[in-house]
Amino acid sequence: MALGAYVAVSAALFALGLVTIAARRNILYVLFGIEMILNAANINFVAFNRFNGDGMDGRMFAIFVIILAAAEAAVALAIVLNVYHLFGSTKPSDADLLRE
Amino acid sequence: MVDLQKVFYSGLALLAIALHGWGLASAGPAGLAFGGCATLVLGGALMCLWERSVVRSAFSLMATFTGCAGFFILLGADFVGMAQILIYVGGILALLLFGVMLSPPDMAERKLARVGGGLLVMGLGVAWVSAKVAASVKWAQLPADELPAPSTKAEDIGIAFIAPDQYVVPFELAAVLLTVALVAAVYIARRRISDFTAEPDQGGR
């Protein structure tokens, strides 16, 4: 397949991730949407790397993005648990107090 | 009353057929693999957006991540594909499922109007931007399977990680960041002693 096909699928995945973040009122869906967006970016990195000569920079970027996604998921899960524990709700709009 | 669930899954099947057809029409058998991966990616994402149950959404993300790994392998990045399966499907998804199991189900949370409206607006926006980009960028026309095979092996990636003139600094920084992030996650998520002595049901379950 040509480059444009990969970029098109990646754009669609990015849009779906954004809709997931915006349309579902649940902190966990925000996490799901972020993972989709990171995956869309990764597809772009690897695809452009493939069609742009014989380098490996795009692949290394993709690996670092995966590492960052793992760190982000761990911290975000801890935050979700704390928000649920403190506010008794998983709606992002309910977590509106900085003090306990 | 139309069964929305059936309508949605019929649409998903149509999307799968369309993607496979697109791949087959533009690149033959290799395009079929592309169509399968694209179906996994987009179908998984759509299901995640659509399903009422958080558990189903989390499991449908597995399809998205696996499809992405398939894309990476199709693009000649075997190592990234394997890392994707190991870290995303094996690690991050398990983490997300923990989050799902530790929070209450809320089946009434999905609003059709919001999901449909979001899809419509975002679809129009992305279509407009894609049309602009497609018209103004000079794309590489050669399909991936006609390019010379990538010469980078997993060994080269390993060497690049520790070669002083390549990626050793980001590599070490990533190691420090992972350590800090995981220790911080444990610190944030721990339960304080006061939680055990106070009312057990304080969280308002």
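## A walk through chains A and B

You're looking at a predicted model, where local features need pLDDT of at least 70, side-chain atom pairs count only at pLDDT 80 or more, and totals for chains, interfaces and linings use all residues. Residues are numbered from 1 along each chain as its sequence is written, while chains are lettered from A and ligands numbered from 1 in the order in which they are written.

Stay on chain B for a moment. Of its 205 residues, 27% count as buried (20 or more other C-beta atoms within 10 Å of a residue's own, with C-beta atoms placed from the backbone). Take contacts (C-beta atoms within 7 Å) between residues at least 6 apart in sequence: 47% of them join residues at least 24 apart.

Now show both chains. Their contact takes 73 residues from chain B and 59 from chain A. On the chain B side, α4(B) gives the largest share, twelve residues. Colour that side by type and you'll get 50 nonpolar, 18 polar and five charged residues (Ala, Val, Leu, Ile, Met, Phe, Trp, Tyr, Cys and Pro count as nonpolar, Asp, Glu, Lys and Arg as charged, and the others, Gly among them, as polar).

Click on A:Y6: not counting residues up to four places away in sequence, A:Y6 touches A:M1, A:I43, A:A47 and B:F71.

Last stop: α1(A) and α2(A). Their axes come within 8 Å and cross at roughly 165° (axes are lines fitted to C-alpha atoms, for helices over the stretch in contact, and angles run from 0 to 180 degrees between N-to-C directions). So α1(A) is roughly antiparallel to α2(A), the word for angles over 145 degrees. Where they meet, look for A:L13 and A:F14 among the α1(A) residues, and A:M36 and A:I37 among those of α2(A). The residues of this contact divide into 17 nonpolar, six polar and no charged.

Key: Two residues are in contact if their C-beta atoms, placed from the backbone, lie within 7 Å. Helices (H or I, at least four residues) and strands (E, at least two) are DSSP runs, numbered from the N terminus. Angles under 35 degrees count as roughly parallel, over 145 as roughly antiparallel, 65 to 115 as roughly perpendicular and the rest as oblique. A residue is buried if 20 or more other C-beta atoms lie within 10 Å of its own, exposed if 12 or fewer, and partly exposed in between; C-beta atoms are placed from the backbone.
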